[in-house]
Amino acid sequence: MKSKGFTILEMIIVLSIIALIFLLTLPNIQQKQKIIQSKGCEALVEVVNAQALLYEIDTLSPPNSIQDLIQGGYLKEAQRRCPNGDMIEIVNGEAHVQ
């Protein structure tokens, strides 16, 4: 009587190949994460600049700080910080990363 199924050796070989593929792709994924955070920060700065312009159109004066935009409802509290943790500040009516 012959059983159908995988032997332990075959299972170990398949799992080893899967682990090897995972270990080869992990550094690439981590590198892409840094690029994504950087691009996300650039995009958020552009959003803050657009909202600062709307604020200036509505109030006829540029915002003095990002808090002005948050209190005016132009931004959410979470939008004061980039995905990588850097703070966004407003200098002369324009957003910059600290």
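This is a predicted model: local features need pLDDT of at least 70, side-chain atom pairs count only at pLDDT 80 or more; totals for chains, interfaces and linings use all residues.

User: Is L60 buried or exposed?

Analyst: L60 counts as exposed, at 76% relative accessibility. L60 sits in the loop between α1 and α2. Helices (H or I, at least four residues) and strands (E, at least two) are DSSP runs, numbered from the N terminus.

User: What is the phi of L60?

Analyst: Positive, about 65°, although L60 is not a glycine. Most residues other than glycine have a negative phi.

User: And what about phi of N92?

Analyst: Also a positive value, near 55°, and N92 is not a glycine either. N92 lies in the loop between β1 and β2 (94-97). N92 is exposed, with a relative accessible area of 80%.

User: Switching to α1. How many residues does α1 have?

Analyst: α1 has 52 residues. From first C-alpha to last, α1 reaches 72 Å, close to the 76 Å expected at 1.5 Å a residue. The expected span is 1.5 Å times one less than the number of residues.

User: Where does α1 bend?

Analyst: At T25, by about 30°. A proline, P27, follows within four residues. The bend is the angle between axes fitted to the seven residues ending at a position and the seven starting there.

User: Which residues of α1 are buried?

Analyst: C41, L44, V45, V48, N49, Q51, A52 and Y55.

User: What does Y55 pair with?

Analyst: Y74. The structure holds one aromatic pair. Y55 and Y74 are edge-to-face, 5.5 Å centre to centre, with 75° between the planes. The pair links distant parts of the chain: Y55 is in helix α1 (residues 8-59), and Y74, 19 residues apart, is in the loop between α2 (66-71) and β1 (88-91). Both Y55 and Y74 are buried.

User: What are the cut-offs for a pair?

Analyst: Rings of Phe, Tyr and Trp (its six-membered ring) pair if their centres lie within 6.5 Å. Planes under 30 degrees apart count as stacked, over 60 as edge-to-face and the rest as tilted.

User: Last one: how exposed is I13?

Analyst: I13, in helix α1, is partly exposed, with a relative accessible area of 44%.

Conventions
Residues are numbered from 1 along each chain as its sequence is written. Side-chain values use heavy atoms; hydrogens and water are left out. Buried means under 20% relative accessible area, exposed over 50%, partly exposed in between (1.4 Å probe, protein chains only).
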